[in-house]
Amino acid sequence: MKTRPGCWAALAAWAIVGCGEDPEQARAEYTQSVMREIFEGIRVALPASVDGAVFKAPENQGEIFAALDTLARNAELLEEHSRSCDAETGFLARSVERDAIEAKTAYRYGHYKRSAFVLRQIVENCVVCHSRLPDGCGSQIAKEFVDEGVMASLPLQPRATLLIATRQFDRGLDALEAVLTDPLTHPAIMLAPLTDYLVISVRVEQDYERPIRTLQTFAQRKDLWPSLKKDVDRWIAALPSLHERAARASSVASARAIIREGEALDEFGDGQGSLLHFIVASSILERFIDSHPERDAELGEAYYLRGILETRIGNNYWVTTAPFLLEESIRIAPREPFAVDALSVLEREMFAAYEGSDVEELPEEEEAHLAELRTLIEGS
């Protein structure tokens, strides 16, 4: 975000060099080299993952597995390297390491669809990480990680994701606009790119004008179903006033008021109508957290509300920081009423993460983790 101080994510650690915040040049260079290896793995494997036949073709398996191995090894190194960083960075680094190992393992045993899916989630995780960076931190370095030939080989939507992952936000928004206005793409599969577009425009770039023009064009599509058309028209009308309010808002109370207004627009309970308000509220809460040094009940509530909003904004579980945010809210203010709600949502999110897998119940370490948080809330 444009005003955010240096709260960095694991996959953006090379930004240390660009910002000059870390006096240990050797550490910065090490991080940068690890990042180059991670993106080298992505550079080789991601384009192939878009086409299932290419991804599993015997003649390609050696190169693709080597790329996934490179990605997994360096993700592990980055996770180890992030342990001295802030808690959210550590959470993101562990997520990347877990996914990189799973992508490699799934590919080794012939589960190609699963491997491709998880690989794309790693790139989505890059988006989460890089949208947390302040301006000017490693942007030029990030652009160099993936060459133009790879970008051009990808369909529009994965290209947009990779552009955003490498902090090329303007080009990423260009690609998302092309997706949203493509007459051959059915609107039913556009909610994810539409969400990404609003998050990057409003929360990351703090640009409230560009989305108005794009949404006005999008609203002219003849194939929009009525409820989506109604929501888009409301977003267009609300953007100017939300821009003004967000510019002067800096409190949890102001974010809470915008959340309530958004919830009132959610006619069908699917969160679609409230999406824009939730994104604006989360931006206000992020600014509050960055500028609030005391670990008090108000900070705990800010983390709680951010966590709840991320469960409603995010496209899928894999790339959301909601579990970290909810846990942090409990640790900061375990005796506040919202801590009980935070734990309930966190438990639901954890179970959802294992849904559809071979795991029939939460692993022991996850159960122990939840038990620790319950103890904090109960005060015993």
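Leaving aside its neighbours within four places in sequence, which residues is Arg171 in contact with? They are Glu148 and Leu163, where contact means heavy atoms within 4.5 Å. What you have here is a predicted model, in which local features need pLDDT of at least 70, side-chain atom pairs count only at pLDDT 80 or more, and totals for chains, interfaces and linings use all residues. Residues are numbered from 1 along each chain as its sequence is written, and side-chain values use heavy atoms, with hydrogens and water left out.

**The chain as a whole**

- The protein chain has 19 helices and zero strands; these are DSSP runs numbered from the N terminus, with helices being H or I of at least four residues and strands being E of at least two.
- Out of 380 residues, 54% count as buried. Buried means under 20% relative accessible area, exposed means over 50%, and partly exposed is in between, with a 1.4 Å probe and protein chains only.
- Take the contacts with a separation of 6 or more: 68% of them are between residues 24 or more positions apart.
- The accessible surface is about 16800 Å², and carbon and sulfur atoms own 51% of that. These areas come from the Shrake-Rupley method with a 1.4 Å probe, and for residues only the protein chains shown count as cover.

**Helix 10 against helix 11**

- Helix 10 covers residues 169-181 and helix 11 covers residues 191-204; their axes come within 10 Å and cross at roughly 145°. The axes are lines fitted to C-alpha atoms, for helices over the stretch in contact, and the angles run from 0 to 180 degrees between N-to-C directions.
- On the helix 10 side, the residues that meet helix 11 include Phe169, Leu173 and Leu176.
- Arg171 and Arg159 are 12 residues apart in sequence, with their C-alpha atoms 9.5 Å apart.

**Past the end of helix 11**

- Gln206 isn't a glycine, yet it has a positive phi of about 55°.
- You'll find Gln206 in the loop between helix 11 and helix 12 (210-218), where it is partly exposed at 26% relative accessibility.

**Aromatic pairs**

- The count comes to four aromatic pairs. Rings of Phe, Tyr and Trp (its six-membered ring) pair if their centres lie within 6.5 Å; planes under 30 degrees apart are stacked, over 60 edge-to-face, and the rest tilted.
- Tyr107 and Tyr112 are edge-to-face, because their ring centres are 5.1 Å apart and their planes are at 75°. Tyr107 is buried at 3%, whereas Tyr112 is partly exposed at 21%.
- Tyr304 and Phe338 are stacked, with centres 5.6 Å apart and planes at 20°. Tyr304 lies in helix 16 (residues 297-313) and Phe338 in helix 18 (residues 337-354), so this pair ties together parts 34 residues apart in sequence.
- Tyr304 is buried at 14% relative accessibility, and Phe338 is buried at 11%.
- Phe55, Tyr107 and Tyr112 make up one aromatic cluster.

**Ser254**

- Ser254 belongs to helix 14 (residues 252-265).
- Neighbours within four places in sequence aside, Ser254 is in contact with Ala249 and Ile284. Ile284 is 30 residues away along the chain, with 8.1 Å between the two C-alpha atoms.
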